[in-house]
Amino acid sequence: MKKSLEVGTVAGLLLGCGAIFGSFLLEGGKMGALFLGPAMIIVFGGTFGALLLASPTKLVVSLPKFVMVAVMPSKEDARELIETIVGYATTVRKHSLLSLEKELPKIENPFLRRILSFAIDGMDPGTIRSVAETELAYIGERHSANQALFSKMGGYSPTMGVIGTVMGLISTLANAGGDANDLIHHIASAFIATLWGVFAANIVYLPLGDKLKAIHQEEAMAMELMVEGVLSIQSGEAPAITRAKLESMLPSSQQGQANKK
């Protein structure tokens, strides 16, 4: 399992920010006008305050880690994984299942190492599948809880923006009767809170949650591939059959390429 930069996450964030703020500048706006302390405090402070109220504190303090997962996820290359498992199947075909015991310390992925050790120890295939499915289910629940944090922030943020705008308009109306230019300036400032609330939700929070969901789906697919591969090895199937089974789990565009570099 290797960590690599998720280019789409970074490129999407840069493109989204560039499109929104770039168009604002093209319309003659000034970036300094968007960075108003009170509005940003209401939106970001209010969003995180609501998140703390709604979610376990230990999850909230782990937000930076979840962001790093979206930016630098740990991924298994499916084709390399298939080649590894087929290599194990070939070893078992030539020698025995016990011959894989010396390979266990070399396996970096803890899930693959664990289920392969179960097979070597003679655990029933049905039990191996049951244990693996249980672990997958609990991993899915944990990941769903992590993704939910960003979905919650995506819901709170626009509402906090509206609250900031309403508060700004109240302040503006309370000073009605003064200079017209000042009133126009205050009205424009009031709507900046809505801008930040909607921006943060749709360019940051919700996309990050969706990216974490996609990363989990890739991880779950890799784990299912490992289970099927180990069970195929345990049943003594030929390496070619093991390869065919595992390749059938890949998208059609990748099938038949697992042995290609």
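**Figure 1. Glu83, at a relative accessible area of 25%, is partly exposed.** Relative accessible area is computed with a 1.4 Å probe on protein chains only, and a residue is buried under 20%, exposed over 50% and partly exposed in between. The model shown here and in the following views is predicted; local features need pLDDT of at least 70 and side-chain atom pairs count only at pLDDT 80 or more, whereas totals for chains, interfaces and linings use all residues. Residues are numbered from 1 along each chain as its sequence is written, and side-chain values use heavy atoms, with hydrogens and water left out. Glu83 forms a salt bridge with Arg243, and the closest N and O atoms of the pair are 2.5 Å apart. Glu83 belongs to helix H5 (residues 78–94) and Arg243 to helix H9 (residues 239–247), so that this pair links distant parts of the chain, 160 residues apart. Here helices (H or I, at least four residues) and strands (E, at least two residues) are DSSP runs numbered from the N terminus. In another part of this set of interactions, Glu6, Lys75, Lys211 and Glu218 are joined into one network by salt bridges that share partners.

**Figure 2. Glu6 forms salt bridges with Lys75 and with Lys211.** A salt bridge is defined as a side-chain nitrogen of Lys or Arg within 4 Å of a carboxyl oxygen of Asp or Glu. Side chains of opposite charge can pair when their charged atoms come close. The structure holds 8 salt bridges. In the pair of Lys75 and Glu6, the closest N and O atoms are 2.7 Å apart. Lys75 lies in strand S2 (residues 74–75) and Glu6 in the loop between strand S1 (2–3) and helix H1 (7–26); the pair links distant parts of the chain, 69 residues apart. Lys75 is partly exposed, with a relative accessible area of 27%, whereas Glu6 counts as buried because its relative accessibility is 15%. For Glu6 and Lys211, the closest N and O atoms are 3.5 Å apart. Since Glu6 lies in the loop between S1 and H1 and Lys211 in helix H8 (residues 180–234), this pair ties together parts that are 205 residues apart in sequence. Both Glu6 and Lys211 are buried.

**Figure 3. Helix H5 and helix H9 are roughly antiparallel to each other.** Two packed helices are described by the angle between their axes and the distance between the axes. The axes of H5 and H9 come within 9 Å and cross at roughly 155°. Axes are lines fitted to C-alpha atoms, for helices over the stretch in contact, and angles run from 0 to 180 degrees between N-to-C directions. Angles under 35 degrees count as roughly parallel, over 145 as roughly antiparallel, 65 to 115 as roughly perpendicular and the rest as oblique. In the contact (heavy atoms within 4.5 Å), Ile82, Glu83, Ile85, Val86, Ala89, Thr90 and Arg93 of H5 meet Pro239, Thr242, Arg243, Leu246 and Glu247 of H9. These residues divide into 6 nonpolar, 2 polar and 4 charged. Ala, Val, Leu, Ile, Met, Phe, Trp, Tyr, Cys and Pro count as nonpolar, Asp, Glu, Lys and Arg as charged, and the others, Gly among them, as polar.

**Figure 4. Thr242 is located in helix H9.** Thr242 counts as buried because its relative accessibility is 0%. When residues up to four places away in sequence are not counted, Thr242 touches Ile85, Ala89, Gly229, Ser232 and Glu237.

**Figure 5. Helix H2 (residues 37–54) and helix H7 (residues 125–174) have axes that come within 8 Å and cross at roughly 135°.** H2 and H7 are therefore oblique to each other. In this contact, Ile42, Val43, Gly46, Thr47, Phe48, Ala50, Leu51 and Ala54 of H2 meet Leu149, Lys152, Met153, Tyr156, Ser157, Met160, Gly161, Gly164 and Met167 of H7. By class, the contact of H2 with H7 comprises 11 nonpolar, 5 polar and 1 charged residues.

**Figure 6. Helix H4 (residues 63–71) packs with H7 at an angle of about 100°, their axes being 10 Å apart.** H4 and H7 are therefore roughly perpendicular to each other. Leu63, Phe66 and Val67 of H4 and Asn146, Leu149, Phe150 and Met153 of H7 make the contact. The contact of H4 with H7 has 6 nonpolar, 1 polar and no charged residues.
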